[in-house]
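Please walk through this structure step by step, starting from a single residue and moving out to the whole chain.

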Amino acid sequence: MADRLERLRFQLKSLPTAPETPSAVSVSARVDDLIDITKAVSARIRHCMSDLGAGPSEKTALTAYSSTLAPLGEALTELGRVHAEIAYHNYVFYPLHRKDQPALDRHTPQVIERVSGCIEAADEILEVTAIEVRDTATKLAPSPSRLRPAAPTRALPATTPGPASLPPTPPSAAPCAAKSR
């Protein structure tokens with residue numbers, strides 16, 4: 001989940017910045033990505049609730065995923081504001097004022113400032129959320145002391161070059177320790 005949030009943050013940072021505004025299509029794609037992440041978190045919450053009697057780790061996971069929904073909603077709100085600003089500017093304001101250059105010159109920087117602010121806010125929210133998700137995953141992961149150690153593997157004895165004419169010594173003929181009398 002944290003990796004998906006990081007990927008979304010990278011995609012947000014790749015959107016065009018001032019003096020341009022991102023296209024409505026690229027913002028819509030990021031909104032869709034965030035909606036998919038939010039759906040995945042919701043599915044994890046349902047899964048945790050079905051296994052709630054399993055133990056304390058399920059309760060911790062449920063709490064963590066539930067607390068993740070609010071920031072994801074805030075980030076989605078910020079991206080919605082970006083989308084609304086761009087749509088209004090491109091499809092309402094610009095067609096009405098395309099011949100009024102002073103009005104466009106006053107309005108465009110304001111739109112760019114609001115869009116940039118919303119993208120930065122969404123990025124900060126997603127950064128904090130990704131950190132929290134990673135921290136929770138670390139807490140829920142079994143500690144190394146609780147993991148079963150793997151069966152030790154025996155290393156093959158190193159062969160030393162010896163005379164080729166001597167056959168290997170069978171174990172029964174190997175020298176034994178002297179018995180005490």
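Is E78 buried or exposed? The model shown here is a predicted one, and in it E78 has a relative accessible area of 14%. Buried means under 20% relative accessible area, so E78 is buried.

E78 also has a charged partner. It forms a salt bridge with R81, and the closest N and O atoms of the pair are 2.8 Å apart. Both residues belong to helix 3, where they are 3 residues apart, so about one helical turn separates them. R81 is partly exposed, because its relative accessible area is 44%.

Helix 1 covers residues 2–13. Helix 2 runs over 24–50, helix 3 over 56–97 and helix 4 over 101–140. Among contacts with a separation of 6 or more, 74% are between residues 24 or more positions apart. The accessible surface of the chain is about 12800 Å², and carbon and sulfur atoms account for 58% of that area.

The count of salt bridges in the model is 7. R9 forms a salt bridge with E6, with the closest N and O atoms 3.2 Å apart. These two are 3 residues apart in helix 1, so about one helical turn lies between them. R9 counts as buried because its relative accessibility is 9%, whereas E6, with a relative accessible area of 29%, is partly exposed.

The side chains of E127 and R9 meet in a salt bridge, at 4.0 Å from N to O. E127 lies in helix 4 and R9 in helix 1, so this pair ties together parts that are 118 residues apart in sequence. E127 is partly exposed, at 34% relative accessibility. Together with D123, the residues E6, R9 and E127 are linked in a network of salt bridges.

Next come the pockets. Which residues lie nearest the centre of the largest pocket? They are A61, A64, Y65, T136 and L140, out of 15 residues that line it. The volume of the largest pocket is about 230 Å³. Helix 2, helix 3 and helix 4 each supply at least two residues of its lining, and helix 3 gives the most, with 7 residues. Sorted by class, this lining has 7 nonpolar, 5 polar and 3 charged residues.

The second largest pocket holds about 160 Å³ of space. It is lined by 14 residues, and L12, L15, T17, S116 and I119 lie nearest its centre. Helix 1 and helix 4 are the elements that give two or more residues to this lining. Helix 4 supplies the largest share, 6 residues. By class, the lining of the second largest pocket has 7 nonpolar, 3 polar and 4 charged residues.

Terms used:
Residues numbered from 1 in each chain as written. Predicted model: local features only at pLDDT ≥ 70, side-chain atom pairs only at ≥ 80, totals over all residues. Heavy atoms only, no water. 1 Å grid on protein atoms, 1.4 Å probe; cavity = no way out; pocket = protein on both sides within 12 Å on 5 of 7 lines; lining within 4 Å. Points joined across faces, edges and corners; volume = space filled by probe spheres on them. Helix = DSSP H or I, 4+ residues; strand = E, 2+ residues; numbered from the N terminus. Nonpolar A, V, L, I, M, F, W, Y, C, P; charged D, E, K, R; others polar. Contact = heavy atoms within 4.5 Å. Areas by Shrake-Rupley, 256 points an atom, 1.4 Å probe, with all protein chains shown as cover. Buried < 20%, exposed > 50% of the residue type's maximum accessible area, 1.4 Å probe, protein only.
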